[in-house]
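Me: I would like to learn how to read side-chain features from a set of coordinates. Could we go through them one at a time, with the general idea before the case?

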Amino acid sequence: MAHVDYCAGQTTPFTGEAADVFGADNVMTAYCDMVTMTLDDSTFVNSLLPYEPNRQVADFSFVKKYMTATLAESWDTAVAQALGGDKDAIATVSTLTFYNVRFPEEGLNVPKDTASVLNKSFNPAVTEVDRSQADGEPRLYMTFDVSATILLQKPDGTPAFLPVSKTIHYNLLPDGNADIPWRIDGFTGDYRFSPVTDAMPEVVSGS
């Protein structure tokens with residue numbers, strides 16, 4: 001399936017130190033690629049959102065193609081620990097990839113085999129240059145917000161809606177690869193679940 005061109009309307013160039021160091025066009029490429037990855041290939045992945053008690057580390061490996069080798073190795077470790085119940089690891093994995101979303105007390109689950117994400121949206125990015133790494137190579141530090149609505153299903157089969165949002169911070173290294181020109185070398189962030197609602201939330205366009 002082709003990706004949505006989330007950056008179709010993004011015409012204002014990046015300025016500031018990051019644009020000076022990496023080039024404004026390259027920073028825009030990083031932004032557009034990270035927005036697409038965040039909305040379509042990491043945070044909201046239909047196969048991971050429904051509850052599945054027997055997930056494997058390999059189920060989460062698809063994001064490693066966007067990572068440096070060092071981060072990819074630590075990602076597998078974090079996923080293994082998360083699947084084993086480690087709360088800190090669960091928070092780390094969920095910062096990048098939502099999975100097993102459910103509210104058992106209310107009998108609410110993400111339905112399987114259904115396109116379960118609506119109203120994807122994103123905000124402009126703030127960029128900096130990170131020179132704190134031991135190898136001395138500068139990273140592009142990028143922060144932006146995303147949001148969406150996750151479709152839930154009640155025990156009687158009727159829908160409910162879970163608005164979610166996330167602030168994500170990426171440390172990025174230029175790679176030179178035509179398909180993936182930037183690799184994630186680190187990430188942090190926080191995510192927020194709003195109250196479940198019976199009404200379809202208003203569609204919000206990305207900007």
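Me: To begin with accessibility, are F44 and F98 buried or exposed?

Reply: This is a predicted model, and in it F44 is buried, as is F98.

Me: How is a pair of aromatic rings described, and how many aromatic pairs does a search of the whole structure find?

Reply: In general, two numbers describe such a pair, namely the distance between the ring centres and the angle between the ring planes. Here the search of the whole structure returns 12 aromatic pairs. In one of them, F14 and Y31, the ring centres are 5.5 Å apart and the planes stand at 75°, so this pair is edge-to-face, given that angles over 60 degrees are classed that way. F14 belongs to the segment before α1 (17-22) and Y31 to helix α2 (residues 24-42), so the pair ties together parts that are 17 residues apart in sequence. F14 has a relative accessibility of 14% and therefore counts as buried, while Y31 is buried with a relative accessible area of 2%.

Me: Which geometry do the rings of F44 and F98 have, and where do these two residues lie?

Reply: Their ring centres are 5.7 Å apart with the planes at 65°, so the pair of F44 and F98 is edge-to-face. F44 is found in the loop between α2 and α3 (69-83), and F98 in the loop between α4 (87-96) and β1 (102-103), so the pair ties together parts that are 54 residues apart in sequence.

Me: Which residues do ring pairs link into a cluster, and which charged ends sit over a ring?

Reply: The cluster linked by ring pairs consists of Y6, F14, Y31, F122, F144 and Y170. As for charges, the charged end of R102 is placed over the ring of Y51, 3.7 Å from its centre, and that of K166 over the ring of F98, 5.9 Å from its centre.

Me: What should I look for in a nonpolar core, and how many residues has the largest one here?

Reply: The general idea is that nonpolar side chains tend to be buried together in soluble globular proteins. In this model the largest nonpolar core has 57 residues, and those with the most contacts inside it are Y31, W75, L140, F144, Y170 and I184. Two or more residues come from each of α1, α2, α3, α4, β3 (117-122), β5 (139-153), β6 and β7 (182-193), and α2 gives the most, with 9 residues. Leaving out residues up to four places away in sequence, Y170 touches several residues, among them M34, L96, L140, F144 and I184.

Me: How many disulfides does a search of the whole structure find, and how is the handedness read?

Reply: The search finds 1 disulfide, formed by C7 and C32 with their sulfur atoms 2.1 Å apart. The torsion about the S-S bond of C7 and C32 is about -105°, so this disulfide is left-handed. C7 lies in the segment before α1 and C32 in helix α2, so the pair ties together parts that are 25 residues apart in sequence. Both C7 and C32 are buried.

Me: Finally, which polar contact joins the side chain of N171 to another, and is N171 buried or exposed?

Reply: N171, a residue of strand β6 (residues 159-174), is buried with a relative accessible area of 11%. A polar contact of 2.5 Å joins its side chain to that of D130. Setting aside neighbours within four places in sequence, the contacts of N171 include D130, Q133, R139, Y141, R183 and D185.

Terms used. Residues numbered from 1 in each chain as written. Predicted model: local features only at pLDDT ≥ 70, side-chain atom pairs only at ≥ 80, totals over all residues. Heavy atoms only, no water. Phe/Tyr/Trp six-rings, centres within 6.5 Å; stacked < 30°, edge-to-face > 60°. Helix = DSSP H or I, 4+ residues; strand = E, 2+ residues; numbered from the N terminus. Buried < 20%, exposed > 50% of the residue type's maximum accessible area, 1.4 Å probe, protein only. Lys NZ or Arg CZ within 6 Å of the ring centre and 35° of its normal. Polar contact = N/O pair within 3.5 Å; in protein donor to acceptor, adjacent residues only side chain to side chain. Contact = heavy atoms within 4.5 Å. Core = buried A, V, L, I, M, F, W, Y, C linked by side-chain atoms within 4.5 Å. Disulfide = S-S within 2.5 Å.
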